[in-house]
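The sequence and the structure come first, and the notes follow.

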Amino acid sequence: MIYIIMGVSGCGKSALGAFLSEKCIHVCVSTNQLGWPLHEGDSFHPQGNIEKMARSEPLTDQDRLPWLLKLHEVIERERSYGSDALVACSALKRLYRQILLHGSKAFPSSGPDQDGLPASSPDVCFLFLYGDYDLIQQRMVVRRGHYMKADLLRSQFDVLEPPLDKENVLSLDIRTSITDMAMEVEKHIVSLKSSPRP
Ligand SMILES: Nc1ncnc2c1ncn2[C@@H]1O[C@H](COP(=O)(O)OP(=O)(O)OP(=O)(O)O)[C@@H](O)[C@H]1O
Ligand SMILES: O=C(O)[C@H](O)[C@@H](O)[C@H](O)[C@H](O)CO
């Protein structure tokens, strides 16, 4: 299973991803793995995108496309191995999530096929971290050592299209602790393993 941890900047994607990768998942699932690999979306941005965000300029669709395509390749590689993995990526718009799942086939210019793409993949689940502006803003203001500052948060909410149920999503309330959110994810994993897909 691939879990894509998504949501606006500062919602806790990296914090939850690190926790799940290092501490939790290998305890609850009886595989031989020592935790699941975490692919941190921020590491796949072109340098120009990082510099733009550090100047407090929001990214455009155009800026995000190459980044999303790289993450699609990562996801496809993990899926082709049949591996379990975590990906932290804001994935703010429905189109971005379609690109993560289907690559360039999801581009609006791909013609009629694009409309027929499935909304979800059975082996990919979005973990949507949701919370309100004020809480996330407070967390970002005290966060140190990150290029993304709180003044871009409004633009992140403006762009956000929350995922629909049909996109295969587990929504997590960020007012709860990282440990509690991780327990929700564990329950989800256990329920998947105990009811194998047809
Ligand atoms: N559930 C939580 N409870 C309390 N603090 C949290 C929680 N989740 C995250 N934080 C804190 O909020 C801040 C933002 O979290 P984090 O950096 O993981 O967000 P992010 O979504 O990865 O951000 P970005 O997209 O900008 O990289 C961090 O300082 C983190 O420790
Ligand atoms: O889509 C975007 O605007 C970006 O991906 C941002 O969300 C940043 O990557 C991240 O949040 C900062 O660390």
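## Two single residues

Glu22 lies in helix H1; helices here are DSSP runs of H or I with at least four residues, strands are runs of E with at least two, and both are numbered from the N terminus. Glu22 is partly exposed, because 13 other C-beta atoms lie within 10 Å. On this scale a residue is buried with 20 or more other C-beta atoms within 10 Å of its own, exposed with 12 or fewer, and partly exposed in between, with C-beta atoms placed from the backbone. Glu22 and Gln137 are 115 residues apart in sequence, and their C-alpha atoms are 27 Å apart in space.

Pro122 sits in the loop between H4 and S4. With 11 other C-beta atoms within 10 Å, Pro122 is exposed. From Met1 it is 121 residues away in sequence and 8.4 Å away in space, C-alpha to C-alpha.

## Basis of the model

This is a predicted model, in which local features need pLDDT of at least 70 and side-chain atom pairs count only at pLDDT 80 or more, while totals for chains, interfaces and linings use all residues. Residues are numbered from 1 along each chain as its sequence is written, and chains are lettered from A and ligands numbered from 1 in the order in which they are written.

## Strand pairing

Strands count as paired if DSSP finds at least two bridges between them. S1 pairs with S4 in the parallel sense over 5 bridges, and Ile2 has Val124 as its bridge partner in S4. S4 also pairs with strand S5 (residues 169–173), again parallel and over 5 bridges; here Phe128 is bridged to Ser171 of S5. Of the 7 residues of S4, 5 are buried, so this strand is largely enclosed by the rest of the structure.

S3 runs parallel to S1, joined by 4 bridges, and parallel to strand S2 (residues 38–40), joined by 3 bridges. Leu86 of S3 is the bridge partner of Tyr3 and also of Leu38. In a regular strand the side chains alternate between the two faces of the sheet. Both faces of S3 are covered, with Ala85 and Val87 buried on one side and Leu86 and Ala88 buried on the other.

## Helix H3

Helix H3 (residues 61–81) has 21 residues and spans 30 Å from its first C-alpha to its last, close to the expected 30 Å. The expected span is 1.5 Å times one less than the number of residues. Just after H3, Gly82 takes a positive phi of about 70°.

The buried residues of H3 are Arg64, Trp67, Leu68, Leu71, Ile75 and Glu78. They pack against strands S1 (2–6), S3 (85–88) and S4 (124–130) and against helices H2 (47–54) and H4 (94–102), where contact means C-beta atoms, placed from the backbone, within 7 Å.

## Ligand surroundings

A residue belongs to a ligand's shell if its C-beta atom, placed from the backbone, lies within 6 Å of the molecule. Ligand 1 is surrounded by 16 residues, the closest being Ser9, Gly12, Lys13, Ser14 and Ala15. Helix H1 (residues 13–28) gives the most to this shell, with 3 residues. By class, the shell has 5 nonpolar, 7 polar and 4 charged residues. Ala, Val, Leu, Ile, Met, Phe, Trp, Tyr, Cys and Pro count as nonpolar, Asp, Glu, Lys and Arg as charged, and the others, Gly among them, as polar.

Around ligand 2 are Ser9, Gly41, Asp42, Leu59, Arg64, Ser90, Leu92 and Met148. This shell has 3 nonpolar, 3 polar and 2 charged residues. Arg64 is one of the buried residues of H3.

Methods: Two residues are in contact if their C-beta atoms, placed from the backbone, lie within 7 Å.
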